[in-house]
Amino acid sequence: MFKQKSFAEPGCIGCEAHLDYGLSRYCAGFENKKRRKPFRKSDPAYKAPEWCPRRKAPHEYRIYSYADEQAAVMARLLEADEAGDRELVFPLAHRYRLRAEGKTGLSPKAFYEQANAGDVSSPLPDESIHTRDVVEIDTGLAQFFFYCAAPHDFRTAFFDVKRIQPGKTEDTEVS
């Protein structure tokens, strides 16, 4: 079936709003606040706390499809985007364009488990996910990408969002 995966979010240490003054830690990432918020003793030491201003609740999803028929044909001819039996795939982002976006209550791990389960329903009930689409789950702290190799066969992907084509695709299916 599918392997158990963990999807770790980055902590506060690398955040530009995280401030350390001696033994005290502060967060200066709140908009419209002049003062910084101190961390409490009950807050986690390495993970971002639940009150982190960068967190998005609910999480956002974005679905990327091939930009046009030519990009889909080129991908098939060159077989550059084929997943094979690899766990991590590298779809070429310059061939893709944003097709749909919205909000979901699923975490990246819950999406991965539901997408790879043998259920008939889609993990995103409002959207149809086609083969070779890339799905992004954005938690605010990190972005997680999944490549649809086949129905109920989603794999983690490395996807450079900065290289996608601008604009949105139509809802017509490009295979």
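1. K37 lies over the face of W51, at 4.3 Å from the ring centre, and R25 is placed over the face of F39, at 4.0 Å from the ring centre. A charge is taken to sit over a ring if NZ of Lys or CZ of Arg is within 6 Å of the ring centre and within 35 degrees of the ring normal.

2. The model is predicted, and local features need pLDDT of at least 70, side-chain atom pairs count only at pLDDT 80 or more, and totals for chains, interfaces and linings use all residues. Residues are numbered from 1 along each chain as its sequence is written, and side-chain values use heavy atoms, with hydrogens and water left out.

3. A search of the whole structure gives 14 aromatic pairs, where rings of Phe, Tyr and Trp (its six-membered ring) pair if their centres lie within 6.5 Å, with planes under 30 degrees apart counted as stacked, over 60 as edge-to-face and the rest as tilted. Among them is the tilted pair of Y21 and Y26, at 5.9 Å centre to centre and with 55° between the planes. Y21 is partly exposed, at a relative accessible area of 46% (buried means under 20%, exposed over 50%, partly exposed in between, with a 1.4 Å probe and protein chains only).

4. Y64 and F159 also make a tilted pair, with 5.3 Å from centre to centre and 40° between the planes. Y64 belongs to strand 4 (residues 59-66) and F159 to the loop between strand 9 (153-157) and strand 10 (165-168), so the pair ties together parts that are 95 residues apart in sequence. Both Y64 and F159 are buried. Helices (H or I, at least four residues) and strands (E, at least two) are DSSP runs, numbered from the N terminus.

5. Ring pairs also link F7, F111, Y112, F144, F146 and F154 into a cluster.

6. Strand 4 is mostly covered, since 8 of its 8 residues are buried. Strand 4 pairs with strand 6 (residues 96-104) in the antiparallel sense over 8 bridges, and Y61 stands opposite G102 in strand 6. Strand 4 is also joined by 5 bridges to strand 7 (residues 134-138), again antiparallel, and there the bridge partner of R62 is E136. Two strands pair if DSSP finds at least two bridges between them.

7. L78 has its place in helix 1 (residues 69-78) and counts as exposed at 53% relative accessibility.
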